[in-house]
Amino acid sequence: MNLEVVARTGQIYSGPVSEVVVPAYEGPLAILAGHSPILGMLVPGQLRYTNAEGEHHYEVGAGFVTVESDEVTVVVETAK
């Protein structure tokens, strides 16, 4: 599946991943290939994703996540 992470300052990451965990409003949300389409609110917290190089972490601000056809888009205020 493909992940794109965008903050106000620009694109943070774009590329293939095997797993994404986002800080959703209801609690951490794990997204794997084949996940049902969703649109969810994000709260400040930790975004994690795993790609061929290993696991990566970002502290992110509020935002939203969309999932459709193995395309995951995360839009947040800030990412460090």
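This report describes the fold of a predicted protein model and then a few of its strands and residues.

**Overall fold**

The protein has zero helices and nine strands. A compact globule of 80 residues would have a radius of gyration near 12 Å, and the 11 Å of the protein agrees with that. Taken along the principal axes, the box filled by the C-alpha atoms comes to roughly 25 × 25 × 20 Å.

Of the 80 residues, 31% count as buried. The protein exposes about 4600 Å², and carbon and sulfur atoms supply 54% of that area. Contacts between residues at least 6 apart in sequence can also be sorted by separation: 41% of them join residues at least 24 apart.

**Strand β3 and its partners**

Strand β3 covers residues 19-24, and five of its six residues are buried, which leaves the strand mostly covered. Strand β4, residues 27-32, is joined to β3 by six bridges, and the two run antiparallel. Between β3 and β4 lies a hairpin of two residues. Within this pairing, E19 stands opposite L32 in β4.

β3 is also joined to β6, by three bridges, and this pair runs antiparallel. Here V21 has R48 in β6 as its bridge partner.

**R48 and the salt bridge**

The count of salt bridges in the model comes to one. Side chains of opposite charge can pair when their charged atoms come close. In this model R48 forms a salt bridge with E55, with 3.8 Å between the closest N and O atoms. R48 counts as partly exposed because its relative accessibility is 28%. E55, at 43% relative accessibility, is likewise classed as partly exposed.

**N51 and its surroundings**

Strand β6 spans residues 45-51, and N51 belongs to this strand. At 11% relative accessibility, N51 lies under the 20% limit and therefore counts as buried. The side chain of N51 makes a polar contact of 3.3 Å with the side chain of Y13. Another polar contact, of 3.0 Å, links the side chains of N51 and H56. Leaving aside residues up to four places away in sequence, N51 touches Y13, P16, V17 and H56.

**P16**

P16, one of the residues that N51 touches, is placed in strand β2, residues 10-16. The relative accessibility of P16 is 62%, over the 50% limit, so P16 counts as exposed. With residues up to four places away in sequence left out, P16 touches M1, N2 and N51. P16 and R48 are 32 residues apart in sequence, and their C-alpha atoms are 13 Å apart in space.

| Residue | Relative accessibility | Class |
|---|---|---|
| N51 | 11% relative accessibility | buried |
| R48 | 28% relative accessibility | partly exposed |
| E55 | 43% relative accessibility | partly exposed |
| P16 | 62% relative accessibility | exposed |

Conventions
Residues numbered from 1 in each chain as written. Predicted model: local features only at pLDDT ≥ 70, side-chain atom pairs only at ≥ 80, totals over all residues. Heavy atoms only, no water. Helix = DSSP H or I, 4+ residues; strand = E, 2+ residues; numbered from the N terminus. Rg over C-alpha atoms; globule rule 2.2 N^0.38 Å. Buried < 20%, exposed > 50% of the residue type's maximum accessible area, 1.4 Å probe, protein only. Contact = heavy atoms within 4.5 Å. Areas by Shrake-Rupley, 256 points an atom, 1.4 Å probe, with all protein chains shown as cover. Polar contact = N/O pair within 3.5 Å; in protein donor to acceptor, adjacent residues only side chain to side chain. Pairing = 2+ DSSP bridges. Salt bridge = Lys/Arg side-chain N within 4 Å of Asp/Glu carboxyl O.
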